[in-house]
Amino acid sequence: MSHDSRTALRICPLCEATCGLTLTIEGTTVTGARGDRDDIFSRGFICPKGASFGGLDADPDRLRVPLVRGEDGELREAAWGEAFDLIAARIPDLVKAHGPQAVGVVLGNPNVHTMAGALYPPLLLGALRTRNVFTASTLDQMPKHVSSGLLFGDAHAIPVPDLDRTGHLLLIGANPLESNGSLCTAPDFPGRLKALRRRGGTLTVIDPRRTRTARLADRHVAIRPGADALLLAALAHTLIDEKLADPGPLAEHLEGLDELAAALAEFTPKAVAAACDVDADTITAIARELAAAPTAAVYGRIGSCTVEHGTLASWLVDVLNILTGNLDRPGGALFPLSATARAPRAAEPGTRNAAPGKGFALGRWSSRVSGHPEAKGELPIAALAEEIDTPGEDRIRALVVIAANPVLSAPDGDRLDAALADGLDFMVSVDPYLNETSRRADVVLPPPPPSQSAHFDFAFNGFAVHNQVRYTRAAVPLEDGRMDESEIHARLILAVSGLHGAPPSAVDDLAVDTALTRAGAPKELAAGLTGESGPERRLDLMLRLGPYGLTLEQLLAHPHGIDLGPLKPRLTEVLRTRSGRIELLPDPIAADLPRLRRALGDRPAPLVLVGRRHLRSNNSWMHNVGSLTGGSNVCTLQIHPDDAARLGLADGDTARIESSGGGIEAPAEITDTVRSGVVSLPHGWGHSRPGTRMSVAAAHPGANVNQLLDGTLLDPLSGTAVLNAIPVSVTPAH
């Protein structure tokens with residue numbers, strides 16, 4: 001270490017595990033990253049993404065200054081003032097001429113990995129008053145939000161497995177050894193699973209691929225892709241039919257248990273076995289093991305969400321936790337309580353039940369073209385292209401895209417790309433890269449690299465397997481010519497709302513005032529808030545109003561975090577249904593079950609496609625880091641040896657894959673880690689379009705798996721695109 005070297009702490013923003021890092025910094029350059037051994041949550045764990053922090057931070061392809069499209073149609077560098085002047089001149093006029101629905105907003109996955117991405121988009125949506133909101137949720141976890149909303153009355157009330165205390169963990173459609181966990185924030189997920197095994201616990205993995213996670217399991221069930229809800233329904237049926245269901249103390253909080261039994265009557269293990277390609281005895285054994293375990297948790301993720309019955313599968317995961325009495329108890333599935341959560345609600349006076357809440361509603365409005373119902377205030381991102389390129393009143397004419405690359409991440413990127421190029425009057429991207437989507441923007445606003453930003457995990461602390469709180473300030477000063485990400489967002493809000501020229505602090509002041517009003521707190525509290533910036537003042541307020549009564553000063557005094565204790569039962573604080581009880585068989589779920597019953601008679605396609613996760617990647621936004629290329633982080637078509645032999649494919653051959661949306665080509669990787677009848681391609685590739693500035697990604701472009709989809713197949717309750725169990729044909733490329 002040179003004489004001008006120093007270290008700084010930083011919470012890793014590159015996946016949901018939120019590990020603590022110790023950065024080595026020379027001057028203003030991050031030259032190394034290791035796990036922070038004193039971090040109260042991650043205890044020194046680090047993965048390849050975290051170790052590559054310096055490479056991502058210093059990526060020479062990251063944009064340094066705004067880009068503005070000139071009269072010649074080309075993007076050129078511009079001053080910050082010019083960029084915001086242009087936004088202020090265009091978007092308010094478009095809204096005035098065509099109404100608020102003329103503007104669409106797209107929010108990508110990286111937003112939940114930054115403070116600005118958590119704090120400011122809600123204010124932007126409030127300023128624009130548009131209902132045309134699209135996020136990465138309808139490519140991922142929206143089914144879980146919808147099922148939680150219907151069961152518990154709150155779409156954000158998502159129980160997580162109590163990994164450190166459970167005795168039996170059933171994973172379906174999840175591969176946390178590659179993903180590091182999702183909707184379950186758990187640094188060192190591999191170590192936690194190994195600890196489960198060491199203490200005599202059981203791990204069951206249901207997945208059509210023999211993933212790294214599956215190889216750890218006591219039992220791996222290679223289910224037919226897309227049959228997750230059928231298998232889960234049969235497990236629930238078995239618990240009820242064999243009188244193994246025992247909700248325990250949950251019983252007094254349940255509505256609809258008898259109706260549930262009737263609704264699941266047809267989903268016997270024998271009835272679902274053929275559709276799942278899992279024998280009835282195995283299904284029965286899994287159900288009995290769940291019931292017999294002293295503590296157990298069922299956890300499903302993206303593989304069970306991005307299928308035709310994704311919401312039903314997500315609902316059934318919690319039904320199983322409820323029927324076995326494992327919801328809201330240590331060792332089961334519990335609701336985390338983050339330091340910035342709203343204050344817990346009291347029980348109904350004189351009872352142990354929750355007070356009635358507002359409940360959760362679907363379909364409060366619908367998309368203009370295809371009539372897709374909203375879910376959690378969002379429309380399906382698969383419908384974005386048609387909302388731009390279909391003429392008519394309220395057509396989207398302007399788009400604000402924040403940390404999103406839907407040309408690669410959403411179905412039928414070719415159509416969306418054409419819509420962005422030819423169907424918009426104006427587009428703004430907030431993005432550090434000129435990627436496949438931002439290249440179509442009229443203004444690109446680049447946030448600084450993560451070392452120059454403070455970090456707090458507003459979203460992921462709400463899914464953490466242990467209650468804790470950590471905050472890290474920027475590790476290095478903001479570089480000359482850069483603008484802090486929070487200021488970018490604040491100025492964007494002012495520009496679109498007709499307040500261009502007002503100080504960015506006005507946005508934070510308004511947010512503080514609104515938060516105090518909603519909490520019924522005295523306005524004088526604002527004067528006592530500390531912090532060096534608007535976001536820090538807002539964080540300080542949220543901590544003070546939160547369930548632990550903390551302050552920003554306390555966080556700063558504990559640079560490795562504050563341990564807030566293990567997860568605790570808190571169901572009555574969480575429930576916001578109109579009945580104040582868990583509504584076990586909500587009407588939208590009951591109405592969708594006949595569709596699942598019809599699936600009992602479906603005949604599987606000869607070959608179906610599933611996705612896969614890479615430990616050294618995170619969707620499309622980390623493919624430009626040289627140290628993360630190669631190894632297993634490659635875009636290949638995994639195919640079983642029997643299928644390869646039948647199709648005439650050898651390892652390394654170029655395969656042609658075709659489906660409803662089109663065709664792509666990828667190298668064949670012959671492996672028995674996928675079951676026969678299944679092929680697998682990773683998500684987020686396809687960096688071959690001209691006009692981008694991502695040299696490493698362009699050198700390893702891969703194939704865009706989402707171009708195989710035409711965007712018409714969605715889970716009807718959540719609007720989530722069906723990305724798994726897609727029928728495909730595969731042939732040798734010529």
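The legends below describe an overall view and several close-up views of a predicted model.

Local features are given where pLDDT is at least 70 and side-chain atom pairs where pLDDT is 80 or more, while totals for chains, interfaces and linings use all residues. Residues are numbered from 1 along each chain as its sequence is written, and side-chain values use heavy atoms, with hydrogens and water left out.

**Figure 1. Overall view of the protein chain.** The protein chain has 26 helices and 29 strands; helices (H or I, at least four residues) and strands (E, at least two) are DSSP runs, numbered from the N terminus. Its radius of gyration is 25 Å, close to the 27 Å that the globule rule gives for 734 residues, so the chain is as compact as a globular protein of that length. The radius is taken over C-alpha atoms, and the globule rule is 2.2 Å times the number of residues to the power 0.38. Along the principal axes, the C-alpha atoms fill a box of roughly 70 × 70 × 60 Å. Of the 734 residues, 60% count as buried, where buried means under 20% relative accessible area, exposed over 50%, and partly exposed in between (1.4 Å probe, protein chains only). Among contacts with a separation of 6 or more, 73% are made by residues 24 or more positions apart; contact means heavy atoms within 4.5 Å.

**Figure 2. Surroundings of Asn724.** Asn724 lies in the loop between strand 27 (720-721) and strand 28 (726-727). With a relative accessible area of 11%, Asn724 is buried. The side chains of Asn724 and Thr306 are joined by a polar contact of 2.6 Å; a polar contact is a pair of N or O atoms within 3.5 Å, where, within protein, one must be able to donate a hydrogen and the other to accept it, and residues adjacent in sequence count only if both atoms are side-chain atoms. The side chain of Asn724 also reaches the backbone nitrogen of Gly611 at 2.7 Å. Leaving aside neighbours within four places in sequence, the residues in contact with Asn724 include Ile302, Gly303, Val307, Leu609 and Val610.

**Figure 3. Arg595 in helix 24.** Arg595 belongs to helix 24 (residues 587-598) and counts as buried at 18% relative accessibility. Its side chain makes a polar contact of 2.8 Å with the side chain of Asp592.

**Figure 4. Leu312 in helix 15.** Leu312 is placed in helix 15 (residues 310-323), where its relative accessibility of 0% makes it count as buried. Not counting residues up to four places away in sequence, Leu312 touches Ala229, Ile589, Asp592, Leu593 and Leu596. Leu312 and Ala233 are 79 residues apart in sequence, with their C-alpha atoms 8.9 Å apart in space.

Figure 5. Asn132 lies in the loop between helix 5 (121-128) and strand 7 (133-135) and counts as buried at 6% relative accessibility. A polar atom of the Asn132 side chain lies 2.8 Å from the backbone oxygen of Gln101. Beyond four places in sequence, the contacts of Asn132 include Val103, Leu379, Glu387, Asp394 and Ile396. Asp394 is found in the loop between helix 16 (384-389) and strand 15 (398-402) and is partly exposed, with a relative accessible area of 33%. Although Asp394 is not a glycine, it has a positive phi of about 70°.

**Figure 6. Helix 6 and the residue after it.** All 11 of the 11 residues of helix 6 (residues 142-152) are buried, so this helix is largely enclosed by the rest of the structure. Its buried residues include Lys144 and His145 as well as Leu150, Leu151 and Phe152. Just after helix 6, Gly153 takes a positive phi of about 85°.

**Figure 7. Helix 12 and its cover.** In helix 12 (residues 269-276), the buried residues are Pro269, Val272, Ala273, Ala275 and Cys276. Their cover includes helix 10 (228-241) and helix 13 (280-292).

**Figure 8. Lys243 in a loop.** Lys243 is placed in the loop between helix 10 and strand 12 (254-255). At 74% relative accessibility, Lys243 counts as exposed. Lys243 has a positive phi of about 55°, although it is not a glycine.
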